[in-house]
Amino acid sequence: MAHVRIVRETPLSAAEAWRRLTDWERHGELVPLTHVTVTTPPPTAAGTVFVARTGVGSRFGFDDPMEVVAWQPPRRCRLVKRGRLVTGWAEVEVRPLGAGGARVEWREELRVRGVPALADPVLAAAGRLMFGRVVNGLLRDGS
């Protein structure tokens, strides 16, 4: 599995950072060629399912379905990737900082079926770039 870890500090409160990071549809706005759809009714909780569809048109792309398996707002959530192509998990933790603001940690382990483990370092580097962009965008943009 490819291991990804992203840590950011933000002047946002922990509650606001949490709100932004768990706005699942907004993730799709920050990943090229991707649209995210939550398929279960709100509010988000353990059991919430959403799908990130990446591709061009309906014929060329893939679905990355995820399920929230741990939901402890505004501190921690864990997702399990249940796709045919991408599997693994992601975990987001938000902790308040003493002088205000928050520290965010995003950890992810992923595997792409058909890609040999030898390519895990390349996959991890690509994941750090992409997920880092998502975290930065969500924390920067007021949504």
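Leu 33, Val 56 and Phe 60 make a nonpolar surface patch of about 350 Å². The model is predicted: local features need pLDDT of at least 70, side-chain atom pairs count only at pLDDT 80 or more, and totals for chains, interfaces and linings use all residues. Residues are numbered from 1 along each chain as its sequence is written, and side-chain values use heavy atoms, with hydrogens and water left out.

**The surface patch**

- Patch residues have over 30% relative accessible area and no salt bridge; nonpolar side chains (Val, Leu, Ile, Met, Phe, Trp, Tyr) are joined within 5 Å, like charges within 9 Å.
- A salt bridge here is a side-chain nitrogen of Lys or Arg within 4 Å of a carboxyl oxygen of Asp or Glu.
- Accessible areas come from the Shrake-Rupley method with a 1.4 Å probe, and for residues only the protein chains shown count as cover.
- Leu 33 sits in the loop between α2 (24-30) and β2 (34-38). Helices (H or I, at least four residues) and strands (E, at least two) are DSSP runs, numbered from the N terminus.
- Leu 33 has 58% relative accessibility, so it counts as exposed. The cut-offs are under 20% relative accessible area for buried, over 50% for exposed, and partly exposed in between (1.4 Å probe, protein chains only).

**Strand β5 and its neighbours**

- Strand β5 covers residues 76-82; five of its seven residues are buried, so the rest of the structure largely encloses it.
- β5 pairs with strand β4 (residues 60-72) in the antiparallel sense, over six bridges. Strands pair if DSSP finds at least two bridges between them.
- Across this pairing, Val 68 stands opposite Leu 79 in β5.
- Three residues lie between β4 and β5 in their hairpin.
- β5 also runs antiparallel to strand β6 (residues 86-96), with seven bridges. Here Cys 77 has Val 92 in β6 as its bridge partner.
- Another hairpin, through three residues, joins β5 to β6.

**Strand β7 and its neighbours**

- Nine of the 11 residues of strand β7 (residues 102-112) are buried, and the strand is mostly covered.
- Strand β1 (residues 2-10) runs antiparallel to β7, joined by nine bridges. Arg 5 stands opposite Arg 107 in β7.
- β6 and β7 are antiparallel too, with 11 bridges. Val 86 has Val 112 in β7 as its bridge partner.
- The β6 and β7 hairpin has five residues between the strands, and Gly 100 in the turn has a positive phi of about 95 degrees.

**Aromatic rings**

- The whole structure holds three aromatic pairs. Rings of Phe, Tyr and Trp (its six-membered ring) pair if their centres lie within 6.5 Å; planes under 30 degrees apart count as stacked, over 60 as edge-to-face and the rest as tilted.
- Trp 18 and Trp 71 form a tilted pair, because their ring centres are 5.0 Å apart and their planes are at 50 degrees.
- This pair links distant parts of the chain: Trp 18 is in helix α1 (residues 14-21) and Trp 71 in strand β4, 53 residues apart.
- Trp 18 is buried at 6% relative accessible area, while Trp 71 is partly exposed at 22%.
- Trp 24 and Phe 50 have ring centres 4.7 Å apart and planes at 10 degrees, so this pair is stacked.
- Trp 24 lies in helix α2 and Phe 50 in strand β3 (residues 49-56), so the pair ties together parts 26 residues apart in sequence.
- Trp 24 is buried at 3% relative accessibility, and Phe 50 is buried at 4% relative accessible area.
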